[in-house]
Amino acid sequence: MRLSTVILPIHRWSEGQKTWRRAEDLGFHAAYTYDHLSWRTFRDGPWFGALPTLTAAATATERIRLGTLVTSPNFRHPVTLAKELMALDDISDGRITLGIGAGGNGFDATALGQEPWSPKERADRFGEFVALLDRLLTEEAVTQRGTFYSADEARNIPGCVQRPRLPFAVAATGPRGLKLAARYGQAWVTTGDPKIFDEGTPEQSVAALRGQIEKLGKACAETGRDVDELDKILLTGFTPDRSRPLESLDAFVDFAGRHRDLGFTEIVIHWPIPDSDFAADQAVFEQIATEALAQLG
């Protein structure tokens, strides 16, 4: 199992760079950031762009993987995103993972002045977005006319450092998204079942996650792919466990062990942010980073 962290882009780089360097020093497998224009309770405070932040992080670190968790079509286009990702993969010397999802009805959904998309339109757009992005990152020149996204002789030369392209970590729980993960993903991402976040129990969450993995397996089988080929990433903080796994080393080891047994290969924990939903004891967090995996065996 791998242990990674997600660092919210809320600090000016003069301060924020220390966190990314510390994440590498602590031995995290990867450090991700959210790709939003603003997000939830952080909307009225500092919030910086994901791709410039990752570019800076790539120059400030040497070994740790970096990525979005997750990018969505809400305010991006595959042609421009592909060009930026190719450059970022080059700057990082092949350390970038693209976490990508369908997006939701948050602030990103209307920031460009559009009406929020229906769930069906989000799914339609997501499918077209991922398929075109895959082509743009693997072919030198792409022309395609789509319902939502098009490209006209779009070129991405010399392509990604990682071949055939940088890996996609596809966030999905519904049938259409799981099929995209099975077809295009090198990893699959989930935050659990949002329906049981408020009233559910950790046991119910484990059962829901087990069901999601079973559905992923079926989607892979339908595409002729072995589900074991995909890394399975759990972004924590959105299950009924909330922040309890970060209360102690033992609590985290117990949490991680239960989810490893489900088949998860990577767990992502939020870098502590005081006075927020992600508040946690920094010393305990760092103890988890450096000791938890050894205790898992």
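Tutor: A salt bridge is a side-chain nitrogen of Lys or Arg within 4 Å of a carboxyl oxygen of Asp or Glu. The model here is predicted: local features need pLDDT of at least 70, side-chain atom pairs count only at pLDDT 80 or more, and totals for chains, interfaces and linings use all residues. Residues are numbered from 1 along each chain as its sequence is written, and side-chain values use heavy atoms, leaving out hydrogens and water.

Student: How many salt bridges does the structure hold?

Tutor: D35 and R76 form one of them. R135 and E139 form another. The total for the structure is 17.

Student: Which parts of the chain does the salt bridge of D35 and R76 tie together, and how many residues apart are they?

Tutor: The closest N and O atoms of D35 and R76 are 2.8 Å apart. D35 sits in the loop between β2 (30-33) and α2, and R76 in the loop between β3 (65-71) and α3 (78-91), so the parts tied together are separated in sequence by 41 residues. Helices are DSSP runs of H or I with at least four residues, strands are runs of E with at least two, and both are numbered from the N terminus.

Student: Is D35 buried or exposed?

Tutor: Buried means under 20% relative accessible area, exposed over 50%, and partly exposed in between, with a 1.4 Å probe and protein chains only. The relative accessible area of D35 is 2%. That is under the cut-off, so D35 is buried.

Student: What is the accessibility class of R76?

Tutor: R76 has a relative accessible area of 18%.

Student: How far apart are the closest N and O atoms of R242 and D198?

Tutor: These two residues form a salt bridge. The distance between the closest N and O atoms is 3.7 Å.

Student: Where do R242 and D198 lie, and how many residues apart are they?

Tutor: R242 is in the loop between β9 (231-235) and α7 (249-262). D198 is in the loop between β8 (187-190) and α6 (202-222). The pair links distant parts of the chain, and the separation is 44 residues.

Student: Which residues do salt bridges with shared partners join into one network?

Tutor: D198, with a relative accessible area of 56%, is exposed. Salt bridges that share partners make one network of D35, R76 and E84.

Student: Which backbone oxygen does the side chain of T53 reach?

Tutor: T53 is in helix α2 (residues 50-60). A polar contact is a pair of N or O atoms within 3.5 Å; within protein, one must be able to donate a hydrogen and the other to accept it, and residues adjacent in sequence count only if both atoms are side-chain atoms. At 2.7 Å, the T53 side chain reaches the backbone oxygen of G49.

Student: Which residues does T53 touch, leaving aside those up to four places away in sequence?

Tutor: T53 is buried, at 10% relative accessible area. Contact means heavy atoms within 4.5 Å. Not counting residues up to four places away, T53 touches P9, W13, W20 and F48.

Student: How is α7 oriented relative to α8?

Tutor: Axes are lines fitted to C-alpha atoms, for helices over the stretch in contact, and angles run from 0 to 180 degrees between N-to-C directions. Angles under 35 degrees count as roughly parallel, over 145 as roughly antiparallel, 65 to 115 as roughly perpendicular and the rest as oblique. α7 and helix α8 (residues 282-296) pack at about 50°, axes 9 Å apart. The relation is therefore oblique.

Student: How are α4 and α5 oriented to each other?

Tutor: The axes of helix α4 (residues 119-138) and helix α5 (residues 175-184) come within 10 Å and cross at roughly 10°. The two helices are therefore roughly parallel.

Student: Which residues of α5 make the contact with α4?

Tutor: On the α4 side, the residues include K120, F126 and D134. On the α5 side, they are R176, L180 and Y184.

Student: What is omega at the cis peptide bond joining R163 and P164?

Tutor: P164 is in the loop between β6 and β7. A cis bond joins R163 to P164, with omega about 0°.

Student: What is phi of E153?

Tutor: E153 is in strand β6. Phi is positive, in a residue other than glycine. The value is near 50°.
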